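Q: Here is a predicted model to go through. For each label, please give the value and the rule behind it.

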Amino acid sequence: MKRATTLLLFMLFSRFFAFSQQPAPALVYTLPDVLLMNNGTKVTAPAQWDKRRQEILGFYTKQMYGQMPPKPQNMVFKVVEQSKTALNGKATRKQVIVYFNGKTNGPQMTILIYLPNKVKHPRVILGLNFYGNQTIVADSAVLIDTAWVDTRPKGMVNYHATAASRGVNTGPWAVDKIIDRGYALATIYDGDIDPDFKGGFSRGVRALYPELQGIGDNFSTVGAWAWGLSRAMDYFETDKDINAKQVAVFGHSRLGKAALWAGATDTRFALVISNESGKGGASLFARQSGEALRHLTGGFPNWFCANFRQYNDKEASLPFDQHFLLSLIAPRPLYVASAVEDKNSDPDGEFQSAKACSVVYQLLGKKGLPADSIPPLSHPVMGQVAYHIRPGKHDVTDYDWEQYLDFADHFFKAK
Ligand code: GCU
């Protein structure tokens with residue numbers, strides 16, 4: 001158990017020299033080997049990786065995020081609004097409705113896009129939002145979402161958004177910064193794709209695929225959100241104003257879980273950003289620190305497929321851990337970020353996972369995460385895999401965005 005002992009010592013060491021975090025249990029764990037094929041052979045050459053990658057995709061599809069349908073054949077995109085004078089004249093705003101089955105009364109999502117006027121053919125940051133496009137920006141031309149919505153934020157009445165919800169959640173969205181740095185921002189309300197409550201099934205896109213329900217590897221909510229991100233990518237590929245080859249998919253918390261799964265399943269996403277995606281996202285289960293698997297499957301039964309529940313209280317028996325998920329993004333650039341007070345996500349688990357997926361980046365000729373131990377607060381480490389931990393709570397801050405934009409500049413400009 002030489003490896004396990006080294007891991008234990010490493011964890012204790014990083015505890016002492018890092019910063020004031022609640023001590024994680026000094027659990028001895030051995031991570032499953034991401035390069036070990038199901039038949040016991042070790043992947044040693046890049047040419048063998050695709051086969052292993054398919055096995056890992058198979059684990060996640062069967063056991064955790066569930067199946068996803070293919071791109072719908074009858075899908076229709078409709079640009080319903082456009083203005084070149086958005087955000088005080090510095091951006092062009094487009095609002096695009098995606099009719100998933102081509103029917104205007106069927107499931108649909110609205111993509112809000114701001115394109116910087118000073119850049120032709122800009123790169124894009126794409127991310128889902130929690131409460132409706134109109135909440136992320138103070139812009140009276142943004143269409144007010146009509147889908148079911150959580151009533152916690154201001155301006156939501158009877159599970160529907162009103163005009164009073166405009167701009168109530170601008171904090172996590174550094175819209176000006178993103179545009180000023182020359183990126184387009186595209187966002188979609190997650191509830192357009194699949195409303196985030198157990199009974200939300202009939203109101204979202206999953207209802208179009210009844211054959212993918214009632215099975216162990218059912219189409220799940222996280223699966224649907226990731227699938228919706230891919231449908232936005234389908235649209236970008238048709239829009240000549242957008243650089244669809246350089247789209248970064250971003251997500252915070254549960255939407256970070258979805259961004260990772262989208263990046264894992266759809267290699268058209270050129271860069272992936274996980275902001276405090278926590279358990280079920282970037283963070284390792286094996287450490288058994290932070291949110292328990294049982295809490296995920298019990299508190300949010302729609303997020304994952306039914307098969308995932310068999311691992312309640314049995315984290316150690318998972319045939320994979322979340323560094324497998326991150327490895328599916330290799331060799332594309334990946335940023336994993338934590339916040340020190342976000343104990344639920346287990347920042348150490350996010351860091352160790354980013355570190356552990358690095359063997360796949362190395363196999364594919366890229367530098368993984370260039371850090372042996374968790375860096376001090378606000379000291380980002382950037383290889384092809386990047387990581388930072390900042391002070392504060394579970395949130396998306398301007399500091400986070402600055403690091404993501406620097407990271408994206410580095411990789412996109414290098415092309
Ligand atoms: C809950 C949940 C987390 C999730 C978070 C969020 O806290 O336990 O897994 O990431 O919600 O999405 O805000």
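A: Start with Pro 331, which is found in the loop between α9 and β10 (334-339). Helices (H or I, at least four residues) and strands (E, at least two) are DSSP runs, numbered from the N terminus. The model is predicted, so local features need pLDDT of at least 70 and side-chain atom pairs count only at pLDDT 80 or more, while totals for chains, interfaces and linings use all residues. Residues are numbered from 1 along each chain as its sequence is written, and side-chain values use heavy atoms, with hydrogens and water left out.

Q: What is the peptide bond from Ala 330 to Pro 331, cis or trans?

A: The bond is cis, as its omega is near 0°.

Q: What makes Ile 113 count as buried?

A: Buried means under 20% relative accessible area, exposed over 50%, and partly exposed in between (1.4 Å probe, protein chains only). Ile 113 has 0% relative accessibility, so it counts as buried. Its place is in strand β3 (residues 108-116).

Q: Which residues is Ile 113 in contact with, leaving aside its neighbours within four places in sequence?

A: Contact means heavy atoms within 4.5 Å. Among the contacts of Ile 113 are Arg 93, Val 96, Leu 185, Tyr 235, Phe 236 and Ile 242.

Q: How do you know that the span of helix α2 agrees with its number of residues?

A: The expected span of a helix is 1.5 Å times one less than its number of residues. Helix α2 (residues 46-63) has 18 residues, so it should span 26 Å; its end C-alpha atoms are 26 Å apart, which agrees.

Q: What do the buried residues of α2 pack against?

A: They pack against α7 (254-265), α9 (322-327) and α11 (358-363). The buried set of α2 includes Trp 49, Arg 52, Glu 55, Phe 59 and Tyr 60.

Q: Why is α6 called oblique, rather than parallel, to α7?

A: Two packed helices are described by the angle between their axes and the distance between the axes. The axes of helix α6 (residues 221-236) and α7 come within 8 Å and cross at roughly 60°. That makes α6 oblique to α7. Angles under 35 degrees count as roughly parallel, over 145 as roughly antiparallel, 65 to 115 as roughly perpendicular, and the rest as oblique.

Q: Which residues in α6 meet α7?

A: Val 222, Gly 223, Trp 225, Ala 226 and Leu 229 do, and their partners in α7 include Arg 254, Leu 255, Ala 258 and Trp 261.

Q: What makes helix α10 mostly covered?

A: In α10 (residues 347-356), nine of its 10 residues are buried. Pro 347, Asp 348, Phe 351 and Ala 356 are among them.

Q: What is the phi of Ser 253, and what is the phi of Glu 276?

A: Ser 253 has a positive phi of about 60° although it is not a glycine. Glu 276 has a positive phi of about 50°, and it is not a glycine either. Ser 253 lies in the loop between β8 (247-252) and α7. Glu 276 lies in the loop between β9 (271-275) and α8 (293-299). Ser 253 has 13% relative accessibility, so it counts as buried. Glu 276 has 0%, so it counts as buried.

Q: Why does Cys 305 count as buried?

A: Its relative accessibility is 2%, so Cys 305 counts as buried. Cys 357 has 0%, so it counts as buried too.

Definitions and conventions:
Axes fitted to C-alpha atoms, helices over the stretch in contact; angles between N-to-C directions.
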